[in-house]
Amino acid sequence: MHEFVYHVPTKVVFGCGACNQVGDVVREYGSKRCLVVTGQGSAIKSGLIDRITAQLAEKGVEYAVFSGAQPNPLLSHARAGVAKALELKADLILAVGGGSTIDTAKAIAHGAANPETDLWQFWLGKEPLTKTMPVGAVLTIPAAGSETSDSAVLTDGDAGVKRGLNTDFNRPVFAVLDPELTLTLPPYQVACGVTDILMHTLDRYFNPYVDNDTTDAIAEALLRVVLAEGDVVREHPGDLHAMSELMWAGSLSHNNLTGLGGKKDFAVHQLGHALSAKYNVTHGASLSAVWKSWASYVAPVDGYARFARFARNVWGVTEEDGKAAALKGIALQSDYFHKLGMPVNLQELGVGEVDDAACQALAELCSYGRSRTIGTFQVLNADDILAIYRSASSREN
Ligand code: NZQ
Ligand code: ZN
């Protein structure tokens, strides 16, 4: 094992009916004024917000509801949330929703704790974040893993830029994971979530270190479980056991358990963020649309060894030849995304024709104007990134 620091202080309350404990948990953290942040309506429509605010009222916690976080959440909306948190004098930000809502809550917490600084400065790395407010999360979709992650992703809609901020200040103090809350999810969102969960582990598993045996074994086991449960929910939408496994796997996949000792790659996420910034596509779809092109491009870097291991240990591929095994594993993974109903190239992403000029613009965006590389399994410069977008733009993929 290589060196690492593992600090995931989020208290997790897991299980069917766990959302009935939100009031108790909020009180446990000493909150007297709580800003409840939610998305564009699903948690209001399902009655979840009413159930939670009733618990807050019963516990004597003053609250206000701030709704409207949209998928690929906007900086401008988070700024409005900061004003709301300050007006309420909130001492806790409670997210009720998915990654977009939780990331909005994290941004509001950072902004409200530092009212003298525009919060985007933290995302641009121009100001160091040194304090925040506590965030709690009630998760309604297994996907982004934001409920225990150290990350928050925002989009500056005016500049067309999507950026992540990684800091331990992003770890929520508690996360309530109630699988029953996922039963109202549309199948497409479930598929996007399964894809994102897989990708959080894949983007760690494919890294230059090959001697983190415990981490790799955990990663492979998690991938096998998520692939199997993803099949179950595809065939039986709303299967509660499968959703509960996905919910826990989603948290573990992105709290770094599956990457300890490794050197995070996350190239596919960076390629996907540029797609979401330009076309506002769903996060999970942005990842599956480029994965095969990325994998085919980088697999030779170690003589196909890592991808062959993936194929054998995750997909049960038996080919003895390393290259043949690796290519079979890539094909099986890509076919799996397709079976889920996810796009596996840019043509299928539903954004119209992505011509060469569009690929060049994406490569500019992803490489921050050719000023950075991405990835660690194979370090990719702007030309590599362009080659991957070009490959992904072909329907052959
Ligand atoms: O807004 P509402 O009305 O709630 O609808 C949402 C939204 O349309 C809906 N939904 C959520 N729970 C539901 C539900 N509909 C019915 N029933 C329920 N129980 O699902 C849609 C997607 O919600 P969203 O929060 O956007 O999903 P997800 O959790 O996939 O979050 C995606 C965002 O997280 C970022 C992504 O880039 C994207 O912006 N990520 C955040 C990460 C992090 N903070 O650690 C890591 C990820 O890699 C990712 O980048
Ligand atoms: Zn993701």
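The donors of the zinc ion (ligand 2) are spaced D-x3-H-x68-H-x13-H along the chain; donors are N, O and S atoms within 2.8 Å of the metal (3.2 Å for Na, K and Ca), and with water not among the atoms, sites may look incomplete. The model is predicted: local features need pLDDT of at least 70, side-chain atom pairs count only at pLDDT 80 or more, and totals for chains, interfaces and linings use all residues. Residues are numbered from 1 along each chain as its sequence is written, chains are lettered from A and ligands numbered from 1 in the order written, and side-chain values use heavy atoms, without hydrogens or water.

Asp-196 (OD), His-200 (NE2), His-269 (NE2) and His-283 (NE2) coordinate the zinc ion at 2.0 to 2.2 Å. His-200 lies in helix H7 and His-283 in helix H11 (residues 283-298), 83 residues apart. Helices (H or I, at least four residues) and strands (E, at least two) are DSSP runs, numbered from the N terminus. His-200 is buried, at 2% relative accessible area. His-283 is buried at 17%. Buried means under 20% relative accessible area, exposed over 50%, partly exposed in between (1.4 Å probe, protein chains only).

Six strands form an open, parallel sheet in the order E1-E8-E5-E4-E2-E3. Strands pair if DSSP finds at least two bridges between them. Strands E1 (11-14) and E3 (62-66) are the edges, each pairing on one side only. Five bridges join E2 (residues 33-38) to E4 (residues 92-97). Among the partners, Cys-34 bridges to Leu-92 in E4.
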